[in-house]
Amino acid sequence: MTEAKTPGHGPLTGVRVLELAGIGPGPFAAMLLADLGADVVRVDRPGGPGLGIDPAHDVTNRNKRSVIVDLKAPDGAARLLDLVERADVLIEGNRPGVTERLGVGPEDCHARNPRLVYGRMTGWGQTGPLADRAGHDIAYIALTGTLGMTGDPDRPPAAPANLLGDYAGGSLYLVVGVLAALHHARATGAGQVVDAAIVDGTAHLSAMIHGMLAAGAWQDRRGANLLDGGCPYYGTYETADGRHMAVGALEPRFYAEFLRLLGIEDQAAAHTDVTRWPELREQVAARFTSRTRDEWTAVFEGSDACVAPVLSLREAPHHPHLAARSTFTDHGGTLQPAPAPRFSATPTSVRTGPARPGADTDDVARDWDVPRLLSSPSNPHRKAPS
């Protein structure tokens, strides 16, 4: 492992990561590595990709540094390979074959640095009939069967933002793969390619459900099962003020507490009698519409009924539990989730705000000892040499 010269915090301090700029799951994976203390250098391209928001608020670029390299320029590949030689990990999210055509594919990079972990983030994967096709989160999760599990049975499947595919099935699996391959590289001196496909990761997330399906404990249809809204004591209900409460009273003692506080204790037998579930659902729904969300929150406060208010993105940071744990943090005026998970010996933090394209060229050239970066074309965000 190459020792980084820049200060860091977290268990990955000293690990150097190159991120070829993109959008979606790749940047999020790189952010997670940066949150964990890695020295992440985002390699932006001139006029490169963005989320269409003010870069100052692009939280996925926090804790990183940025340089600009035009990989289509005659010496672009050489500039990147100078960085590769000093890196432990590279992350890219292009279609299969793109980095090979640019001269920075796995073979090119491993020729310069055999220990490099080369992480590839795609929707369809590096192989298969759809590998070269365009796509987005919703299409990837559609093919895995997981999208078809969400939502009411009498309505089309509900799109779970891009959390299930891009970030859970994509980013998190890329990070797991990269860390496992980094462990192998340290032990053997040999790097490798990590093929992280959103279709693979999202399918893997449904492992327990497939087990239940095989055992006859899950119906292959929406809204008919214990955990997909089919069960009346595991789902959401509207309150008198048009807001919602979430119920997850699965175990018998939690279910009993739920009924007691809701005021329908005569429904105890409905816990295991699915023929009574429609009646139970009607009673639960009627009770919840009799009070506001905040009133019901007060009723269930401090109980083991497994009931919680459904909060909005702006409300969540102010919940007493999340506030006590500092689950959200403010950095530079942007309220955002704090790094996770937590470490007793190597705590993490939001150290810097979102990296601006090319702003750190001089610092990275010095810290990584890559003087060729200094001959890159100037850009409006680059710092003046100190």
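Mentor: Keep in mind that this is a predicted model.
Trainee: Which residues touch the most other members of the largest nonpolar core?
Mentor: V17, L33, V117 and L174 do, in a core of 28 residues.
Trainee: What is V17 in contact with, leaving aside its neighbours within four places in sequence?
Mentor: L33, A38, D39, V40, V41, V89, I91 and W368. Another core lies apart from the largest one; it has 23 residues, among them V41, L71, L80 and L373.
Trainee: Back to α6. At what angle does α6 pack with α7?
Mentor: About 100°, with the axes 8 Å apart. The two helices are therefore roughly perpendicular.
Trainee: Which residues make the contact?
Mentor: From α6, L164, G165, D166, A168, G169, G170 and Y173. From α7, I198, G201, T202, H204 and L205. They divide into 5 nonpolar, 6 polar and 1 charged.
Trainee: New topic: the open sheet. What is the strand order?
Mentor: β7-β8-β9, with antiparallel pairing. The edge strands are β7 (234–238) and β9 (307–309). Twist averages 20° from one strand to the next.
Trainee: How many bridges join β8 to β9?
Mentor: 3. M245 has P309 in β9 as its bridge partner.
Trainee: Which helix lies across β7 and β8?
Mentor: α10 (residues 277–288), at about 40° to β7. Helix α11 (residues 293–300) also packs on the sheet, touching β8 and β9.

Methods: Residues are numbered from 1 along each chain as its sequence is written. This is a predicted model: local features need pLDDT of at least 70, side-chain atom pairs count only at pLDDT 80 or more; totals for chains, interfaces and linings use all residues. Side-chain values use heavy atoms; hydrogens and water are left out. Axes are lines fitted to C-alpha atoms, for helices over the stretch in contact, and angles run from 0 to 180 degrees between N-to-C directions. Helices (H or I, at least four residues) and strands (E, at least two) are DSSP runs, numbered from the N terminus. Angles under 35 degrees count as roughly parallel, over 145 as roughly antiparallel, 65 to 115 as roughly perpendicular and the rest as oblique. Contact means heavy atoms within 4.5 Å. Ala, Val, Leu, Ile, Met, Phe, Trp, Tyr, Cys and Pro count as nonpolar, Asp, Glu, Lys and Arg as charged, and the others, Gly among them, as polar. A nonpolar core is a set of buried Ala, Val, Leu, Ile, Met, Phe, Trp, Tyr and Cys residues joined through side-chain atoms within 4.5 Å. Buried means under 20% relative accessible area, exposed over 50%, partly exposed in between (1.4 Å probe, protein chains only). Two strands pair if DSSP finds at least two bridges between them.
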